Amino acid sequence: MEENQPKTGKYALNYGLILGAVSVIFAFMLYTADMHYQGGIAVMLISLVITLAAVVIAMLQFRKANNGYMTFAQGLKIGVGVSLVGGIIGIIFNQLMANVIDPEMMNKAMEFQRNQLMETTSLTPEQIDAQMEMGKKFSTPTMQIVFGLIFSLFIGFVFSLIPALALKRQENLN
């Protein structure tokens with residue numbers, strides 16, 4: 001059976017591509033509703049649920065193809081791989097969105113954030129301006145890519161821990 005064992009990389013890639021496609025569709029839906037620069041808790045939660053679903057489905061499909069067996073390490077590899085591939089696709093689409101589709105996206109996001117801070121905090125306009133300037137330093141394309149990759153790996157790892165533990169089943173070697 002060892003030579004017929006499915007490869008974790010294949011499942012990570014396939015379901016990572018599916019995650020990336022669904023994420024791009026979701027981002028495009030936000031764009032058509034002119035909500036792509038707003039973010040917020042609801043958008044973050046939906047994105048996280050989509051990621052978790054892709055990770056769990058990939059693990060379940062791997063285990064099914066592997067005669068009902070999956071080690072914790074295999075589950076972790078699949079989860080992190082799915083999240084990384086999906087994250088790379090999301091980062092590429094986000095860069096395309098910010099630089100080609102809607103070059104004003106970052107300005108819209110900064111203005112939206114400024115208005116949110118004015119409405120919900122007691123910060124002075126000078127403090128808000130200082131905070132916005134600090135935010136600009138972290139919104140360069142390079143920083144977005146680096147933080148996006150780190151975030152994808154972190155989320156993939158965290159979202160893989162419990163499902164990998166819950167779904168692991170090893171063969172009895174007796």
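Colleague: What makes Tyr11 and Tyr15 about one helical turn apart?

Modeller: Both sit in helix H1, and they are four residues apart, so about one helical turn separates them. Keep in mind that this is a predicted model.

Colleague: Why is the pair of Tyr11 and Tyr15 called stacked?

Modeller: Start with the count: the structure holds three aromatic pairs. In this one, the ring centres are 6.5 Å apart and the planes are at 5 degrees. Rings pair if their centres lie within 6.5 Å, and planes under 30 degrees apart count as stacked. The angle of 5 degrees meets that cut-off, so the pair of Tyr11 and Tyr15 is stacked. Both residues are buried as well.

Colleague: Why is the pair of Tyr11 and Phe62 called edge-to-face?

Modeller: Here the centres are 5.5 Å apart and the planes stand at 90 degrees. Edge-to-face needs an angle over 60 degrees. The value of 90 degrees passes, so Tyr11 and Phe62 are edge-to-face.

Colleague: What parts does the pair of Tyr11 and Phe62 tie together?

Modeller: Tyr11 lies in helix H1 and Phe62 in helix H2, so the pair joins parts 51 residues apart in sequence. Tyr11 and Phe62 are both buried. Ring pairs link Tyr11, Tyr15 and Phe62 into a cluster.

Colleague: Next, helix H2. How do you know whether Thr51 is buried or exposed?

Modeller: Thr51 is found in helix H2, which covers residues 41–65. Its relative accessibility is 12%. Buried means under 20%, so Thr51 counts as buried. The side chain of Thr51 reaches the backbone oxygen of Ser47 at 3.0 Å.

Colleague: Which residues does Thr51 touch, leaving out those up to four places away in sequence?

Modeller: Leu19, Ser83, Ile155 and Phe159.

Colleague: Met44 is in helix H2 too. Why is Met44 called partly exposed?

Modeller: Met44 has 40% relative accessibility. That value falls between the cut-offs of 20% and 50%, so Met44 is partly exposed. Met44 and Asn99 are 22 Å apart in space, C-alpha to C-alpha, and 55 residues apart in sequence.

Colleague: What makes Asn67 exposed?

Modeller: Asn67 is found in the loop between H2 and H3. Its relative accessibility is 53%. Exposed means over 50%, so Asn67 qualifies.

Colleague: What is the phi of Asn67 near?

Modeller: Phi is near 60 degrees, a positive value in a residue other than glycine. Most residues other than glycine have a negative phi.

Colleague: And after H6, why is Glu171 called partly exposed?

Modeller: Glu171 shows 37% relative accessibility. This lies between 20% and 50%, so the label is partly exposed. Glu171 and Leu17 are 30 Å apart in space, C-alpha to C-alpha, and 154 residues apart in sequence.

Colleague: Last, the largest pocket. What is its volume, and how many residues line it?

Modeller: The volume is about 1600 Å³. The lining has 46 residues, and Val43, Met44, Ser47, Asn94 and Phe151 lie nearest the centre.

Colleague: Which helix gives the most to the lining of the largest pocket?

Modeller: H3 does, with nine residues. H1, H2, H3, H4, H5 and H6 each supply at least two.

Colleague: How do the lining residues of the largest pocket divide into nonpolar, polar and charged?

Modeller: There are 26 nonpolar, 20 polar and no charged residues.

Conventions. Residues numbered from 1 in each chain as written. Predicted model: local features only at pLDDT ≥ 70, side-chain atom pairs only at ≥ 80, totals over all residues. Heavy atoms only, no water. Buried < 20%, exposed > 50% of the residue type's maximum accessible area, 1.4 Å probe, protein only. Polar contact = N/O pair within 3.5 Å; in protein donor to acceptor, adjacent residues only side chain to side chain. Contact = heavy atoms within 4.5 Å. 1 Å grid on protein atoms, 1.4 Å probe; cavity = no way out; pocket = protein on both sides within 12 Å on 5 of 7 lines; lining within 4 Å. Points joined across faces, edges and corners; volume = space filled by probe spheres on them. Nonpolar A, V, L, I, M, F, W, Y, C, P; charged D, E, K, R; others polar. Phe/Tyr/Trp six-rings, centres within 6.5 Å; stacked < 30°, edge-to-face > 60°.
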